[in-house]
Amino acid sequence: MYIHNYSMFVSPPVDDISFYKQEINRYTNLKFRRANKFVLLSLAGAWQCAHGRAIQPDTAVYLTTENGNLGDTETVLDQIYHKREFPMPYNFINTMSNTASFYVAQSFDIVGRNLTFSSKQLSFERGLELLRSDMGAGVVKDALFGGVDEGSFSKSQFEAKYERSFYDYHMIEGSCWLLIKAENTGALGEITAVESFGSLRPTMDWLKRQRFARPLILSFGLLIDDGQKKSFGKAVPHEAQFDYIHSCGYFDSATACGVSGFFDRYEKACLVHINKDFRGQFMVVAVEKY
Amino acid sequence: MKGSLDQKLKNEIKALIIESCELDIELSQIDDDCPLFSPKSDLGLDSIDALQISIAIQNTYGIAIRDSKQMRRVVKSVNTFADFLQPE
């Protein structure tokens, strides 16, 4: 899976959706009148990623997200249960899980496979697994692959979910995309591994067996604790740790930001990104930038 | 006074259409007699917008339009809309 372009659209949470419309208008004159914040956020990152690249008509869209259209879902539930009104149709339509990926596909006039994908804390990584098998089976040649989440956490929600201090993190929202192709000509780099493990030990064993052609950068998901980071760091010689969560900010699809941020920041290097979910399942994504 | 003769009401309706359908236009750009949902209309509204407007009517004026044929007649133009809300 070869990476032909990347985007890193991140911002502090903004309620005024005209901000996102302005961002999108930097790349296209298309109007997205009925789109909500999540849809516009998705479009902003996808269009930034596709900018200057020819998008083939059969390009697939894989939109990975932890929370999806959270803002409008809350609005619709409020309309139904608190106000006891019919939900407004625009709000209701935008709560459909694949609305954002549909908008992305429609805006590029592409008709490839279109998926919205979520898997607790590992949505981006699991989505890449799926893309790998779809590309392996030959059903997808090109894909716009994104990690998108609104910045939706309150202090209490964040601390209850992650058992970490809210004030240690800068909350953002983000839409980070990769243009991934089976074809390597013109690629900026490639995804060299997407691996899944049931616990820490086999993850460590896998990492120790790897040999990297270029200087290695390590990065970690939010749930990897400091002790585990140290253990991974000792297991494999590496040039640096890329703490994208502290340098860019945190949103629930931050892994996407880590991969795009690596492409943005490093030259001729390999990235190994290690993440885990609440059940203790580990996933590793390895990327090489040429 | 019939709604179609009440400019204040008609401006209120235009504002409701613009706000509920998230249109980026001024009140003056909606003609009182212009068909709102015609392919010839510059507004570019469709059936989802009609549904959006019908719920906005219900929330704003407390009037539920359950019959789709009636809905089509009511939202044909700003004037028909105004006459429905204010027949006399």
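Guide: A salt bridge here is a side-chain nitrogen of Lys or Arg within 4 Å of a carboxyl oxygen of Asp or Glu. Please keep in mind throughout that this is a predicted model.

Visitor: How far apart are the closest N and O atoms of Asp49(B) and Arg33(A)?

Guide: A salt bridge requires the nitrogen and the carboxyl oxygen to lie within 4 Å. Asp49(B) forms such a bridge with Arg33(A), and the separation of their closest N and O atoms is 2.9 Å.

Visitor: How many salt bridges are there between chain B and chain A, and which element gives the largest share of the side of chain B that touches chain A?

Guide: Between the two chains, the count of salt bridges is three. As for the side of chain B that touches chain A, its largest share amounts to eight residues, and these come from helix 2 (residues 47–61) of chain B.

Visitor: What area is buried between chain B and chain A?

Guide: The size of an interface is often given as the accessible area lost when the parts come together. In this model, 16 residues of chain B are in contact with 10 residues of chain A. Carbon and sulfur atoms give 56% of the area buried between these chains, and that area is about 1100 Å².

Visitor: Is Arg34(A) buried or exposed?

Guide: Arg34(A) lies in the loop of chain A between helix 1 (18–25) and helix 2 (37–50). Because its relative accessible area is 18%, and the cut-off is under 20%, Arg34(A) is buried.

Visitor: Which residue is 37 residues from Leu16(B) in sequence and 7.8 Å from it in space, C-alpha to C-alpha?

Guide: Leu16(B) belongs to helix 1 (residues 7–20) of chain B, and it counts as buried because its relative accessibility is 10%. Beyond its neighbours within four places in sequence, its contacts include Cys21(B), Ala56(B), Phe81(B) and Ile53(B). The residue at that sequence separation and C-alpha distance is Ile53(B).

Visitor: What accessible area do Leu77(A), Ile80(A) and Tyr81(A) have together?

Guide: Tyr81(A) is placed in helix 3 (residues 70–82) of chain A, and with a relative accessibility of 55% it counts as exposed. Together with Leu77(A) and Ile80(A), Tyr81(A) forms a nonpolar patch on the surface, whose accessible area is about 290 Å².

Methods. Residues numbered from 1 in each chain as written. Chains lettered and ligands numbered in written order. Predicted model: local features only at pLDDT ≥ 70, side-chain atom pairs only at ≥ 80, totals over all residues. Heavy atoms only, no water. Patch = residues over 30% accessible without salt bridge, like charges linked within 9 Å, V, L, I, M, F, W, Y side chains within 5 Å. Areas by Shrake-Rupley, 256 points an atom, 1.4 Å probe, with all protein chains shown as cover. Helix = DSSP H or I, 4+ residues; strand = E, 2+ residues; numbered from the N terminus. Buried < 20%, exposed > 50% of the residue type's maximum accessible area, 1.4 Å probe, protein only. Contact = heavy atoms within 4.5 Å. Buried area = accessible area lost by both parts, 1.4 Å probe.
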